[in-house]
Amino acid sequence: MSEFLHDFFDMPSDLQHSWIGLVGLHLREALLPVAAGLLLALPIAQLCIRFRWLYPPVLGVTTVLYAVPSLAFFVVLINYTGQTELTVMIPLAVYSLVVLVPAIVDGVRSVPQETLSAATAMGFGPVRRYFQVQLPIAVPAIIAGLRVATVSSISLVSVGMLIGNQGALGNLLHDAQIYNRPELTWNSVITTALLAILVDALLVLVRVLLTPWMPSGSAGRRQAPALKDAAR
């Protein structure tokens, strides 16, 4: 067993990273695109909410882009960004939009009209109402979208091994074949799965902390207590 564990965590020298280093690299390549996708999705979703006719074409474009295989994205981008992390992260950011834009739109649209009326009566302008009322109440829907986008991104990073060892933990799959070391395959699969589970659990915790008014497991209406009182 001790020999297996030694081989399990013994990284080939060509990877130029320890096991911990690969974990950190994997998280960076997976989470930064989701964060970038969220920053892009917020204004896009707001435009779709303000101009309802815009939502179907935006959703159609993001869905088409999501259908493009990551390898095809790499082939196009590699001429501009080279064999770098950026080549891996750009497609992941684009893929996240197909989940995050609908999550934000649906979450904001689900805010009850009486809550919006109460916020307006309290003197909230459109911008303040969006950031201080609509987005906070839409947090459960947004976090749900982030969970899907993040887990998907963590799994897709491994494809980067096809372009100059930019797949972080996915590079172990390549080296497992070269050096005939099956334990590296197990390492890649198990570590990637654990990362996805841990990050997903962390996002659930964030949702609980950001929505203290939500009963645990409730799927009912989500209203901030202060605004509920103001609407009475």
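Author: Along the sequence, the pattern of the protein chain reads α-α-α-α-α-α-α-α-α-α-α. That makes eleven helices and zero strands, in a model that is predicted. Of the contacts between residues at least 6 apart in sequence, 74% join residues that are at least 24 apart. Of the chain's 232 residues, 42% count as buried. The accessible surface is about 12300 Å², and carbon and sulfur atoms account for 68% of that surface.

Now to the packed pair. Two packed helices are described by the distance between their axes and the angle between those axes. The pair here is helix 2, residues 19-50, and helix 8, residues 139-156. Their axes come within 9 Å of each other and cross at roughly 140°. The crossing of helix 2 and helix 8 is right-handed. On the side of helix 2, the contact is made by His26, Glu29, Ala30, Leu31, Val34 and Leu38. Helix 8 brings Ile142, Leu146, Ala149, Thr150, Ser153 and Ile154 to the contact. Sorted by class, the residues of this contact are eight nonpolar, three polar and one charged.

In the model, residues 20-42 are 100% helix and 0% strand, with 33 Å between the end C-alpha atoms. Residues 184-210 are likewise 100% helix and 0% strand, and the end C-alpha atoms of that span lie 39 Å apart.

Start with Val108, in helix 5, which covers residues 85-109. Val108 counts as buried because its relative accessibility is 3%, and buried means under 20%. Apart from residues up to four places away in sequence, Val108 touches Ile49, Tyr130, Gln134, Leu135 and Ala138. Between the C-alpha atoms of Val108 and Gln46 there are 8.8 Å, although the two residues are 62 apart in sequence.

Phe73 lies in helix 4, which covers residues 70-81. The relative accessibility of Phe73 is 14%, so Phe73 also counts as buried. Its contacts, leaving aside neighbours within four places in sequence, are with Leu65, Val68, Pro91, Val94 and Tyr95. Thr87 is 14 residues from Phe73 along the sequence, and their C-alpha atoms are 8.2 Å apart.

Trp186 belongs to helix 10, residues 182-210. With a relative accessibility of 54%, Trp186 counts as exposed, because the limit for that class is over 50%. The C-alpha atoms of Trp186 and Leu173 are separated by 8.7 Å, and the two residues are 13 apart along the chain.

To return to the part you asked about: helix 2 and helix 8 meet in a right-handed crossing, with axes that come within 9 Å. His26 and Glu29 are among the residues that helix 2 brings to this contact, and Thr150 and Ser153 are among those from helix 8.

Key: Residues numbered from 1 in each chain as written. Predicted model: local features only at pLDDT ≥ 70, side-chain atom pairs only at ≥ 80, totals over all residues. Heavy atoms only, no water. Axes fitted to C-alpha atoms, helices over the stretch in contact; angles between N-to-C directions. Helix = DSSP H or I, 4+ residues; strand = E, 2+ residues; numbered from the N terminus. Left-handed = near helix turned anticlockwise from the far one by under 90°. Contact = heavy atoms within 4.5 Å. Nonpolar A, V, L, I, M, F, W, Y, C, P; charged D, E, K, R; others polar. Buried < 20%, exposed > 50% of the residue type's maximum accessible area, 1.4 Å probe, protein only. Areas by Shrake-Rupley, 256 points an atom, 1.4 Å probe, with all protein chains shown as cover.
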